[in-house]
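Please keep the sequence and the 3D view at hand while reading.

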Amino acid sequence: MKLFQQLLVAPAALGLMAPMAANAADLDIKGVSDYSASSEQVTSISQFQDVYPTDWAYQALSNLIERYGCVAGYPSGSYLGNRAMTRFEAAALLNACLDRITEVTDELRRLLQEFEQELAILKGRVDGLEARVGELEATQFSTTTKLVGQTSFVVGANSFGGDAEQLNGEDRADAAARASGATVFNYDMRLELNTSFTGKDLLKTRLRAGNFADSPYGGGGYVGLDAMEVAFGEEGKEDQVTVDRLWYQFPLGEEFTVTAGAMVRQDNMLAVWPSNYPSETILDVFTYAGAPGAYSLTKGGGGGIWWNDNDSGWSISASYVSANADNGNPNRNDRPAAGSGINDTTGGIGTDAAASNATAQIAYAQDQWGIAAAYSYTSGDNGAGIYAGNATPLAVQLSRGGTTNSYAVSAWWAPEDTGWFPSISAGWGLNDVNENEDIDLIDNATSQSWYVGLQWEDAFVEGNVLGVAGGQPTFVTAVDYDDDVNQSDFVADGNYAFELWYKFQVTDNISVTPAVYYLSRPYGDITDGNGPAFGGGRSDDTFSNFGGLVRTTFKF
């Protein structure tokens with residue numbers, strides 16, 4: 001008998017042999033004969049009439065019967081557990097168990113031989129995985145941090161048309177072509193370090209670099225509305241890696257979440273982003289849920305909290321952020337010239353000079369649809385709020401003349417299954433600009449914006465996406481200038497923007513997205529430059545912008 005067989009059977013055998021008589025006088029030959037001659041195969045302990053769950057050896061006897069099948073009873077259907085056991089009876093029981101174990105080991109041996117090759121392959125794979133895990137543990141960056149990266153290449157160009165003129169009499173289309181008509185090749189790189197200390201919190205650190213500062217897609221070109229969401233790279237800091245996000249988020253109880261950071265953006269503190277468009281961003285103006293005023297995406301130092309009831313779908317968010325929170329001087333600098341629309345402020349949190357944005361949102365969201373309403377108070381006179389990439393030049397200029405109360409309503413819907421029906425996202429925004437007596441630009445101004453975005457998942461080929469959007473970037477609908485400002489009659493600031501794109505999902509990590517876009521009147525009310533400083537153009541002056549680009553995205 002092999003050693004492991006002896007070790008396996010010995011405890012049971014000794015336990016059963018413990019109460020037996022040890023001398024030959026106790027030998028009961030008839031009992032041994034009855035026990036060994038029993039032909040009834042016992043497969044369950046319930047077959048014994050005299051064995052009960054309260055018996056001290058009930059579990060051990062059950063294991064021998066059900067696991068090894070090597071216990072038999074007497075012909076009467078009894079086990080006679082309280083009867084003394086002879087050495088011959090113990091030998092009979094031990095022999096039956098050893099025979100059963102031998103059968104099991106023979107079957108195992110046969111299976112091992114049959115699958116010897118497969119087992120060797122599996123062992124090699126396990127050894128390889130252990131080696132790789134050991135290498136990763138030895139070289140891992142952090143046990144709490146995960147690195148996520150994205151790099152985007154953009155190649156594109158613009159063309160311009162129309163009969164509007166600049167102040168110097170030159171055709172605006174010619175001036176635009178000379179300033180922003182070349183084909184450009186830009187990049188944007190993002191490295192995100194997502195750290196969790198408890199499994200429920202998140203410390204977000206984003207490092208970013210790009211070279212869009214002089215690109216028409218950077219927001220500072222001849223036509224600001226050409227700006228792309230992916231564009232990054234400040235003037236004089238092209239190709240430099242900077243900290244673009246730094247904030248910490250943690251749950252407070254079951255339904256509340258708190259977010260705070262020295263470099264946090266407004267949308268990082270919202271429980272719901274009210275749009276399903278786009279999966280691949282092109283023009284920046286279509287990434288604000290139709291309301292760049294309310295969802296200005298102001299970035300700086302701040303914090304927020306939201307309540308989210310997952311069962312009902314309702315959520316409420318509130319946040320505050322100051323774009324110049326890192327500046328310790330709370331005082332405005334020298335008073336600017338009247339009508340300049342410029343307030344050279346310093347900074348702080350909640351100060352007169354702070355570039356503040358305070359936002360409140362209430363939303364209702366389900367798996368396939370949702371709706372949200374938002375309100376924002378923005379210190380446009382201190383530099384926060386809309387910019388050239390999501391508004392007309394006049395709307396931007398007037399927003400710098402005071403503080404703005406902005407309102408937004410946005411909604412989205414997505415089909416349950418991909419097919420011919422696209423997801424639909426829409427939004428509308430209203431902005432009311434109040435005067436700043438230190439600037440003396442306006443008494444009041446009103447602007448609006450809206451958009452509709454359609455997106456087809458798995459369009460033509462599984463994994464690919466088709467998108468189209470149209471709307472009006474923020475445009476002025478009414479303005480009441482200050483008495484000291486040289487002004488003219490307000491003409492029309494309305495304009496339209498359109499984009500069409502198709503994303504080819506080349507691999508799980510690489511996509512290529514060709515896109516075209518059109519801006520009908522990107523300069524709005526000041527399309528013709530022969531009028532006074534603010535407005536004064538003719539309503540029939542034309543200036544348009546058509547462009548195309550290819551964006552390639554690498555995710556890792």
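Which residues do ring pairs link into a cluster? In this predicted model, the cluster consists of F160, Y222, Y523 and F543, which are linked by ring pairs. The count of aromatic pairs comes to 17, and two of them are set out below.

| Pair | Centre to centre | Angle between planes | Arrangement |
|---|---|---|---|
| F160 and F543 | 6.1 Å | 5° | stacked |
| Y222 and F543 | 6.3 Å | 70° | edge-to-face |

The planes of F160 and F543 are at 5°, so this pair counts as stacked, and it links distant parts of the chain, since F160 belongs to strand β1 (residues 145–161) while F543 sits in the loop between β15 (510–519) and β16 (544–555), 383 residues apart. Because Y222 lies in the loop between β3 (202–210) and β4 (242–252) and F543 in the loop between β15 and β16, their pair ties together parts that are 321 residues apart in sequence. F160 and F543 are buried, and Y222 is buried as well. Another member of the cluster, Y523, has R172 lying over its face, at 4.3 Å from the ring centre.

Turning to the serine, S410 is placed in strand β10 (residues 404–413). Is S410 buried or exposed? Its relative accessibility is 1%, so S410 counts as buried. The side chain of S410 reaches the backbone oxygen of A289 at 2.8 Å, and, leaving aside neighbours within four places in sequence, the residues in contact with S410 include P274, A289, Y295 and G370.

Definitions and conventions:
Residues are numbered from 1 along each chain as its sequence is written. This is a predicted model: local features need pLDDT of at least 70, side-chain atom pairs count only at pLDDT 80 or more; totals for chains, interfaces and linings use all residues. Side-chain values use heavy atoms; hydrogens and water are left out. Rings of Phe, Tyr and Trp (its six-membered ring) pair if their centres lie within 6.5 Å; planes under 30 degrees apart count as stacked, over 60 as edge-to-face and the rest as tilted. Helices (H or I, at least four residues) and strands (E, at least two) are DSSP runs, numbered from the N terminus. Buried means under 20% relative accessible area, exposed over 50%, partly exposed in between (1.4 Å probe, protein chains only). A charge sits over a ring if NZ of Lys or CZ of Arg is within 6 Å of the ring centre and within 35 degrees of the ring normal. A polar contact is a pair of N or O atoms within 3.5 Å; within protein, one must be able to donate a hydrogen and the other to accept it, and residues adjacent in sequence count only if both atoms are side-chain atoms. Contact means heavy atoms within 4.5 Å.
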